[in-house]
Number of protein chains: 2
Amino acid sequence: MIVSLNGVMISDQDSSISIYDRGFTLGDGIFETIRAENHEPKFFDHHMLRMRKSAKFLNIPFNITNAAIYKTITELMNVNQLQSAVIRITLSRGKGTRGLVPPTHQSPTLLLTSVQLATNTAPANVIISKKTRRNECSPLSRIKTLSYLDNIIARQEAETEQSDDALLLNTQGRLADSTICNLFVITDNCIITPSEEEGALPGITRQQLMKEYNIKAQSLTVEKLMESKEAFLTNSLGIRPLVSVDGNPIGSGQTGQKTKSIMKYFQTT
Amino acid sequence: MIVSLNGVMISDQDSSISIYDRGFTLGDGIFETIRAENHEPKFFDHHMLRMRKSAKFLNIPFNITNAAIYKTITELMNVNQLQSAVIRITLSRGKGTRGLVPPTHQSPTLLLTSVQLATNTAPANVIISKKTRRNECSPLSRIKTLSYLDNIIARQEAETEQSDDALLLNTQGRLADSTICNLFVITDNCIITPSEEEGALPGITRQQLMKEYNIKAQSLTVEKLMESKEAFLTNSLGIRPLVSVDGNPIGSGQTGQKTKSIMKYFQTT
């Protein structure tokens, strides 16, 4: 596969990063995962807006234009002969010396990779992580950072329990999201998704659905989830019905009608 | 500088890691910082014990013997002509494909670096971070992981306020530690340090002092810190008096007598 590393198209076999890159030594950076179909990255401007906001918050220079990144994505897909792809854009703070303080002159690392798009829309059976919790008291809960280890241990926990994913509670014991998805529940008269204040990542698909279906973010208890009619998970790659939690069915334990209609809407976006 | 990368001694200029290394893409790994004096790493067995415990928890294979790592450290110091050094051992999960689930066959990355030891024992003026909090609800608060970004943003906050470091509150608003140090306070009749349950990293120097001075870990409020006679910060590189917090003096605002005596004890270990 060809990747783009700091503006250079290069074979992934020949590309590497410094052992002093703070992305590697300290998880000091951010990333975006973008779905691309028919040679076109979806919701590109939204992803870039979020990424630039995150880079600004972390004070990581990000001086490449959206147009240049868009061009790189289409070039990558062409050279890798991908019509549909998952694009990952990784921005780390670049090389640093020992310690936490960033260097005065930062030279960030920008990596773009592409792999064949493969979306999983099968009904998901999940657990609620007992091992860890989302820290809604940290602004990083609202940023897709390279410091992703809490999600990994929750995902490992799900693997151990032969489950598809793990939901994360926040430190107050209310629902935040899953290791890679936002969470939505459908009750009798409304759709609910946990708010950013509760520790939910401001997902791009989440944002689109909230607008389209006039969904208000709020706090969400496990009880409310378990009493809901339907539930589903979203990320930039797609929507997945959520049919059971810790072995207990949500609603009928099958993909619900409303979820199906929302999945159809998503496929047309 | 010469470093050791996966068992090979190599110039840092020639060494690099894969763009797919999960240390880089997901902060999926751990590290230790070890003080070495007179060609000898200090509390080596304690560091290795903690590192192996962390690797086991995260399910990262770590099959190199302590003897082999010790030998590498002394070789590194020799070849880099360092009598005293800061050794950093980084263990990442190694290469992975897209997604959070670790590969079936893990091939971790092990990196050892050394730089000249420089300890800062000057009295520290710190802030309490307003930007983020330590997540004591995550087991990662007790592990030195590569997902270190919460510490970085708190340290950046300290830099902005021209302060030496930032203390982190846990999600309950009690003290945990600083971005790179454990915290100790001295009251009339005892020494207190926040417990691991409160979000404190189980530091090696902390562990030594707790044993030597019969210190019990417990919860610690900001009020108690501000009423204390003396306070100090510890990590594997040394002990630093803590003389003010958010511009308010601790005790006399000078390095206290008890702190001086503990610093002396540390110098002899």
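## Strand pairing within chain B

Strands β4(B) and β6(B) pair in the antiparallel sense over eight bridges; two strands count as paired if DSSP finds at least two bridges between them. Within this pairing, B:Ile34 has B:Ile87 of β6(B) as its bridge partner. Strands are DSSP runs of E with at least two residues, helices are runs of H or I with at least four residues, and both are numbered from the N terminus.

The model is predicted: local features need pLDDT of at least 70, side-chain atom pairs count only at pLDDT 80 or more, and totals for chains, interfaces and linings use all residues. Residues are numbered from 1 along each chain as its sequence is written, chains are lettered from A and ligands numbered from 1 in the order in which they are written, and side-chain values use heavy atoms, with hydrogens and water left out.

## The open sheets

In chain B, six strands form an open, antiparallel sheet in the order β2-β1-β7-β6-β4-β5. At its edges stand β2 (8-11) and β5 (40-41) of chain B, each with a single partner strand, so one side of each is left without a neighbour in the sheet.

Chain A likewise holds an open sheet of six strands, ordered β2-β1-β7-β6-β4-β5 with antiparallel pairing. Its edge strands are β2 (8-11) and β5 (40-41) of chain A, each pairing on one side only. Strands β1 (residues 2-5) and β7 (residues 109-116) of chain A run antiparallel and are joined by two bridges; here A:Ser4 stands opposite A:Leu112 in β7(A).

## Relation of the two chains

## The interface

Chain B and chain A each give 61 residues to the contact, where contact means heavy atoms within 4.5 Å. The buried area is about 4,800 Å², of which carbon and sulfur atoms give 67%; this is the accessible area (1.4 Å probe) that two parts lose on being put together, summed over both.

Across the interface, 22 residue pairs are in polar contact, with both residues at pLDDT 80 or more. A polar contact is a pair of N or O atoms within 3.5 Å; within protein, one must be able to donate a hydrogen and the other to accept it, and residues adjacent in sequence count only if both atoms are side-chain atoms. On the side of chain B that touches chain A, the largest share, eight residues, comes from α4(B). Strand β3 (residues 16-18) of chain A pairs with β3(B) in the antiparallel sense over three bridges, and A:Ile17 has B:Ile17 as its bridge partner.
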